[in-house]
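Let's take a friendly walk through a protein model. Please look at the sequence and the structure below before reading on.

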Amino acid sequence: MKIKSAIAAFVSSALLFGSSAAFANTEITVQCWDQYFNVKAMKMAAERYEAKHPDVTIKVEDVAQNDLIQRLNASLGANNLRSLPDIVLIEDYRVQNFLIGYPDFLKELGPHIDMSKFVDHKIAASSDSSGKHYGIPFDSGVSSTYVRMDLFEQAGYKIEDLQDITWDQFIDMGKKVKEVTGINLLAYDPNDLGLLRIMMQSAGSWYTNADGTQVNIANNEALKEGLRIFKRFSDEGVVGFYSGWNQSLTSFQQGDVATVTQGCWLTRSVEAATDQSGKWRVVPFPKINVANATHYSNLGGSQWYVNNYSKNADAAIQFLKETFASDEDLLNELVPTISLVTSLKDTSKITNYNVENAFFGNQKIYAEFAEWNNHVPAISYGPHTYAIDSLMSEALQRIVAGEDIDTVLEETQLNAEMQVGL
């Protein structure tokens, strides 16, 4: 038995050594955006990994998201494969463009990593039509309603009144808040339909059908209901407007709105208004009035992908497997560092989720986000989200101006079919 044990130990050591040796003197290039979030997280992961694997170097390149997408498309379109990074971050709304347009570009990761540990909606976003999975889920964009509770309290409401409500109830509360305080319920950019997309996904719906092969606008009940709600925003006079990201920040940081409905990644921007500490809370998303509607949705978020053409693909997979796919200490450290809401189903070992947040009245906001994240409807975003978004922006303005919703949606359906070729 001692001989067998010794042989087993030798074989195990040899395999481990062989795996390490195979990646000796390897440089893995990573491209991602946002030096304060994605880039910072990747550099922290790289530092931890390099400490354990000194023969591997992780080179992290900060590239603006739009520039990164343009580079990928240019390189793949010209078959210039040498210019591609080994690992790339891709937003969930965009990845189907690459899975469909360049089916050999991304490495299938399902056989290498246990994907069952990640929330379903992230897996759905980065799987192809056959169910093969390609991404390592990173940040979640689970939706939250950020509420200036002090303003709602002036109007006679408690935080319990904001649980399990519909959008119509929410608007009714907003009318009273504005009557008492003079502050609008919320604000939005007519050219950014993030809130409308949140509404659709909360009911398991999207601009296209489940496999992205048909435009789903004219008979989309969740979309129609969302547009009705936007019309009511306008009719009741409870909304303000802004243009672009900087004005978006100004709208709540300077106290111009009573709520913000966004992805959880907005937390740090809300906290930047230090003079409002203790006044904010987070509550679940209001429910739209259609079948299958929930209080849970998602806005944005991204995943790490491996370049299938890369000679370092195996080393890249091993790096991701040991860091973002399994290192709970790393993920826990990223909570206070970048306000990460991880894509793991089980967050019991992410102890920083249980820390009370004084800015939000000592709410354990990350524990709330983690709970909501497990209930977000899983859908495929398809390859045409942003193309159809631009058409829907015009449709929204027509409906708010008083045109018939059904007529506008039927016309937009035809326009979308022609534009995206479905």
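In this report, a contact means heavy atoms within 4.5 Å. Keep in mind that the model is predicted.

## A strand residue and its contacts

Let's begin with Phe241, which belongs to strand β7 (residues 239-241). Which residues does Phe241 touch, leaving out those up to four places away in sequence? They are Ala187, Tyr188 and Pro190.

Tyr188 lies 53 residues from Phe241 along the chain, yet their C-alpha atoms are separated by 5.1 Å.

## Helices α7 and α9

Two packed helices are described by the angle between their axes and the distance between the axes. For helix α7 (residues 167-181) and helix α9 (residues 221-236), the angle is about 15° and the axes are 11 Å apart. Angles under 35 degrees count as roughly parallel, so α7 is roughly parallel to α9. Their crossing is right-handed.

On the α7 side, the contact is made by Trp167, Asp168, Ile171, Asp172 and Lys175. From α9 come Arg228, Ile229, Arg232, Phe233 and Glu236. Sorted by class, this contact of α7 with α9 has four nonpolar and six charged residues, with no polar ones.

## Helices α2 and α13

Now turn to helix α2 (residues 38-52) and helix α13 (residues 328-338), whose axes cross at roughly 145° and come within 11 Å. The crossing of α2 and α13 is right-handed.

Here Lys40, Ala41, Met44, Ala45 and Arg48 of α2 meet Asp329, Leu330, Glu333, Leu334, Thr337 and Ile338 of α13. The contact of α2 with α13 includes six nonpolar residues, one polar and four charged.

Terms used
Residues are numbered from 1 along each chain as its sequence is written. This is a predicted model: local features need pLDDT of at least 70, side-chain atom pairs count only at pLDDT 80 or more; totals for chains, interfaces and linings use all residues. Side-chain values use heavy atoms; hydrogens and water are left out. Axes are lines fitted to C-alpha atoms, for helices over the stretch in contact, and angles run from 0 to 180 degrees between N-to-C directions. Helices (H or I, at least four residues) and strands (E, at least two) are DSSP runs, numbered from the N terminus. Angles under 35 degrees count as roughly parallel, over 145 as roughly antiparallel, 65 to 115 as roughly perpendicular and the rest as oblique. A crossing is left-handed if the near helix is turned anticlockwise from the far one by less than a right angle, and right-handed if clockwise. Ala, Val, Leu, Ile, Met, Phe, Trp, Tyr, Cys and Pro count as nonpolar, Asp, Glu, Lys and Arg as charged, and the others, Gly among them, as polar.
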